[in-house]
Amino acid sequence: MTMRVLSVVGARPNFMKLAPVDRALVKRGVEHVIVHTGQHYDPGMSDAFFEELWIPAPDHHLGVGSGSHARQTAGVMQRLEPLLLDLRPDLMLVYGDVNSTVGAALVAAKLQVAIGHVEAGLRSGDWTMPEEINRVVTDRLSNLLFLPSRDAADNLSAEGVPNDRMHFVGNVMIDTLCWALPQALTLGAAARHGVGGRPYVVVTLHRPTNVDDPAVLRELLDALGRLAAKAPVLFPVHPRTRNRIMGLGPLRADGGVELLEPLGYLEMLSLVAGSALVITDSGGLQEETSYLGIPCITVRPNTERPITCTHGTNRLVLPRREPLLAAAERALGRRSPARPVIERWDGRAAERIVAVVCDDVRFDADDAAASPAPLARRAAAIPVPLGAS
Ligand code: UD1
């Protein structure tokens with residue numbers, strides 16, 4: 001009988017992770033049902049990604065939309081339950097750490113539908129982040145844990161997760177990047193945005209800790225405005241951030257920061273690949289810049305992706321004007337770093353996931369998890385942000 005796998009996605013960063021998995025499952029002849037929760041619904045945050053990444057239109061749309069965490073998560077749960085009861089998939093896949101991920105996992109676990117978590121085992125250790133709660137709960141409920149990097153095995157082992165649930169498959173975000181890069185490089189996005197041939201900076205900020213407090217947001221915009229005097233700053237603005245910026249009142253016209261609508265995947269990749277520096281609080285961009293060898297400043301006190309600091313190009317900086325400006329100027333003044341090579345960030349993670357799902361192949365992370373002092377090694381790898389007093 002044909003195997004039925006159901007993927008639940010809802011927010012922008014889920015779509016890049018779904019695309020290569022969908023292609024690999026379909027290639028294997030698996031029946032792949034796609035459910036979109038509707039957590040992200042603006043065309044620029046959702047439809048554009050399905051089109052560009054060649055993901056078929058979702059089979060089911062739950063239309064959950066925006067709301068508080070409880071409302072959004074509960075909306076996913078209420079609307080997914082009857083569908084899972086009806087479809088009874090052999091496996092449900094969830095992606096990343098958004099509210100749709102944890103909502104879907106809770107429903108499937110109680111219906112005893114097997115769960116696979118793509119991008120499992122990442123931990124920031126910061127329980128003030130809703131995503132950290134989503135990660136821990138989703139991993140605890142999942143039968144198959146697909147790890148993007150070895151440090152994830154240490155995190156899961158420290159929580160008592162048995163090794164046989166873990167599969168160190170690599171990073172599906174990088175699968176999509178490898179797939180899309182040749183096309184993105186032909187777009188010439190920098191020239192179209194008027195910054196061709198010059199070093200420029202790309203910015204994205206959307207985390208509540210950076211944009212919800214007007215004082216913090218003002219300080220960050222001020223730093224970016226000053227940076228723009230040295231190099232053009234392009235800032236595609238997430239709807240949440242746009243609402244907050246509008247709440248600040250009219251922006252000073254001399255800010256010099258180019259505020260753009262959210263960009264599609266290919267255009268964003270084209271811009272990032274040609275940039276001299278990325279300033280962000282996104283998880284995916286920490287990984288993409290590391291793969292591309294583009295310097296990245298992450299405006300956060302911690303990261304669930306420490307490998308991007310220890311092996312990649314990422315640097316943590318607290319959301320404060322002076323440290324951010326100093327770090328950005330330093331990064332712009334340096335020669336580009338060599339392009340790092342990170343284990344299993346090679347464009348084949350989805351292929352490995354499908355080998356696990358369809359053929360029971362194992363991709364052990366045991367050698368990392370079974371090493372004598374995983375906790376000590378983890379502590380040594382925790383990056384410290386600039387600006388911490
Ligand atoms: C969510 C994820 C976050 C991820 C981010 C990527 C959670 C807890 N957070 O945060 O991990 O990094 O997606 O984008 O799941 N909005 C729109 N149109 C949309 C979507 C959102 O206008 O299509 C606005 C609404 O005002 C909404 C706000 O953005 O209330 C926040 O959206 P939400 O999905 O709750 O969280 P994100 O900040 O996008």
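Helix α12 (residues 265-273) packs against helix α13 (residues 283-292) at an angle of about 50°, and their axes lie 11 Å apart. The model is predicted: local features need pLDDT of at least 70, side-chain atom pairs count only at pLDDT 80 or more, and totals for chains, interfaces and linings use all residues. Residues are numbered from 1 along each chain as its sequence is written, and side-chain values use heavy atoms, without hydrogens and water.

**α12 and α13**
- α12 and α13 are therefore oblique to each other (angles under 35 degrees count as roughly parallel, over 145 as roughly antiparallel, 65 to 115 as roughly perpendicular and the rest as oblique).
- Tyr 265, Met 268, Leu 269, Val 272 and Ala 273 of α12 make the contact with Leu 285, Glu 288, Thr 289 and Leu 292 of α13 (contact means heavy atoms within 4.5 Å).
- By class, this contact has 7 nonpolar, 1 polar and 1 charged residues.

**α7 and α12**
- The axes of helix α7 (residues 172-185) and α12 come within 9 Å and cross at roughly 80°.
- α7 and α12 are therefore roughly perpendicular to each other.
- On the α7 side, the contact includes Met 173, Leu 177 and Leu 181.
- On the α12 side, the contact includes Tyr 265, Leu 269 and Ala 273.
- The residues of the α7 contact with α12 divide into 10 nonpolar, 3 polar and no charged.

Definitions and conventions: Axes are lines fitted to C-alpha atoms, for helices over the stretch in contact, and angles run from 0 to 180 degrees between N-to-C directions. Helices (H or I, at least four residues) and strands (E, at least two) are DSSP runs, numbered from the N terminus. Ala, Val, Leu, Ile, Met, Phe, Trp, Tyr, Cys and Pro count as nonpolar, Asp, Glu, Lys and Arg as charged, and the others, Gly among them, as polar.
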